Amino acid sequence: MLKFLILAIALQSELSLYYYESKGDYKNALREAYRLYSESKDPYFLEKTVIYSNKLRNKFLTRKYCDLYLKKFGFKGNVVAIYVDVLLKDGKKKRAKRILDVLSQESESQAFSNVLGRLYLKCGYPKIAKKFLLIASEVYPDSEEIKFLLAVALEKEGDLDGALQILESLGEDEKILLKKADILIRTGEKDEALKIYEKLLSDGKSSYTLYLNLSRLYLDKNDIESAIKILSILKKVYPYDYKIQSLYAYALYRQNRHTEALDEYLRLSALFEHSAEAHYYIARILNAMGAKKDALQEINRAIEISDTYEYRLYRVYLLIENNKLDDASLELLRLKSQGSNDPYYNYLCAFIFQSSGKSDLAYRYFKSSLTLDSTNVKRYLDFVEFLVQNEKQDEASAVLLRGVKFLKVKDRENIFKAALLGQETKNYELAESLYTVLLSLDSSNPIYYNNLGFLLVEAGKDLERAKELIEKALEMDPQNPLFLDSMGWLYFKEGVYERAALYIEKAVELDGGKNKEILKHAIEVEKRLNNLDKLEKYKKMLESGK
């Protein structure tokens, strides 16, 4: 009986708050705190009311009691911190700053500069935060936490060296090392950042942030396999975490595992309905898989959710892919103010003008694109192709030589295109070296053997080696009309016209007369053989375009 009497008395006093707190019953704690405040008008109980409202994540009540506290008792750090946090969650950044500005004017205590520095930093005002944190660091010279926040403020201001200098003077706490690694990545010192992550792992650290940042760094360093290993584990532990799920899908996309990546992004778009990013990558994957119309629908969905310049620009690309050039032109016109200094925007303009036959404008935009970004191989090669089509052979050859400097070994598609353009611009030495690289990367591709062989024939160089290469191609694909034509043209160059005719006539038969180059070769051969009937036949096929 005595036990219940004591409890009854306690529940009518301050002890009741601790009782409800200990049980995690914040709803009754809130009710009791406000009752005690109403009776006593003690600011302590109103502060508790604010705290419990925030614990219950009731933003309306939290704002209400914060307003009441500030009106009745002025600005107190703990209440202001909660109020600012709620306002930021509601996207009311300016209102949060106004409150901090009033607090900074009303508070004369240097000790309070620590709180102001933290809150200004949280609001996204690093310059103001730095001012208060510098004061706080003088008041508390041994506080690593204040020094850490000062480093964060410097980082957000763009003073990365200053931030690193402070972090170097601090201890080996995981939070400090993670921030240091993050800044090192931004300064391009990725290997140093990786050492920090690996050290943390060897020390037994296994936080969410550590694994997430490490997987991002692996992706940045193009070690996609390592990133996928980490993310596949995190994915099981955090099945509904957006950052992990999206990063995993992106890693699969980067590895060209399109079907798996598509499944992951579709799942992501179902779990997170407002994920514009998911629809954007679904569009990219569908386009890569040839579903161009579906890709256009997906990018439109992404834009409905988040209307960004990046998504709009990709929509232009997809409109071009779907042969909707008028719509693409209108969209580019709308984006002109944002895109004038964007190399990709200029590149798309060049493509549009090229497609509409406005060569002068296309030329100008191609050049502008490469001036803004002089390292993009694909744009160099497209410009070379444009120059060849417009019979600017010398400039095409010069641009090609500049562009091939940026080729990467793994990029076979662009190496192959550069080799073809080397042939077209009669830069045979360059083309030969590129085909040799391709064969070293993939010795099972008959096209590489054939093209290198044909190149040697065209250059009139080492016809024996050319024959060996073309024979190798024909062993792999004996019914390929291009390979047959190459062998026929080799015999033509050697003056063995009857044997040349056998190969080239077979090539025309298999090709159906679609390839103009093969028909031109056939005409040359029949001229030498004085075979007038076949000569006339091939001329008609060439003229009719059959």
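Ser-232 sits in helix α15, which covers residues 224–237. The model is a predicted one.

Q: What makes Ser-232 count as partly exposed?
A: Its relative accessibility is 24%. Buried means under 20%, and exposed means over 50%. The value for Ser-232 falls in between, so Ser-232 is partly exposed.

Q: How do you know that the side chain of Ser-232 reaches the backbone oxygen of Lys-229 in a polar contact?
A: The distance is 2.8 Å. A polar contact needs a pair of N or O atoms within 3.5 Å. The pair of Ser-232 and Lys-229 therefore meets the cut-off.

Q: How far apart are Ser-232 and Glu-14?
A: They are 218 residues apart in sequence. In space, their C-alpha atoms are 50 Å apart.

Q: How do you know that the span of helix α14 agrees with its number of residues?
A: Helix α14 runs over residues 208–220 and has 13 residues. At 1.5 Å a residue, it should span 18 Å. The expected span uses one less than the number of residues. The end C-alpha atoms of α14 are 18 Å apart, so the two values agree.

Q: Which residues of α14 are called buried, and what covers them?
A: The buried residues are Leu-210, Leu-212, Asn-213, Leu-214, Ser-215, Leu-217, Tyr-218 and Leu-219. The label means under 20% relative accessible area. The cover includes α12 (174–186), α13 (190–202), α15 and α16. Just after α14, Asn-222 has a positive phi of about 70 degrees.

Q: What makes up the lining of the largest pocket?
A: This pocket holds about 1800 Å³ of space. It is lined by 38 residues, and the closest to its centre are Arg-284, Lys-378, Asp-411, Glu-413 and Asn-414. Elements that give two or more residues include α16 (242–254), α18 (276–288) and α27 (412–424). The largest share, 7 residues, comes from α25. By class, the lining has 16 nonpolar, 10 polar and 12 charged residues.

Q: Which residues are closest to the centre of the second largest pocket?
A: The second largest pocket has about 660 Å³ of space. Its lining has 24 residues, with Leu-420, Gln-423, Phe-454, Leu-482 and Glu-517 closest to the centre. Two or more lining residues come from each of α27, α29 (446–459), α31 (481–494) and α33 (516–529). The lining divides into 10 nonpolar, 6 polar and 8 charged residues.

Technical notes:
Residues are numbered from 1 along each chain as its sequence is written. This is a predicted model: local features need pLDDT of at least 70, side-chain atom pairs count only at pLDDT 80 or more; totals for chains, interfaces and linings use all residues. Side-chain values use heavy atoms; hydrogens and water are left out. Helices (H or I, at least four residues) and strands (E, at least two) are DSSP runs, numbered from the N terminus. Buried means under 20% relative accessible area, exposed over 50%, partly exposed in between (1.4 Å probe, protein chains only). A polar contact is a pair of N or O atoms within 3.5 Å; within protein, one must be able to donate a hydrogen and the other to accept it, and residues adjacent in sequence count only if both atoms are side-chain atoms. On a 1 Å grid over the protein atoms alone, a cavity is a set of points where a 1.4 Å probe fits but cannot get out, and a pocket is an open set with protein on both sides within 12 Å along at least five of seven lines; lining residues have an atom within 4 Å of a point. Grid points are joined across faces, edges and corners, and a volume is the space filled by probe spheres set on the points. Ala, Val, Leu, Ile, Met, Phe, Trp, Tyr, Cys and Pro count as nonpolar, Asp, Glu, Lys and Arg as charged, and the others, Gly among them, as polar. Contact means heavy atoms within 4.5 Å.
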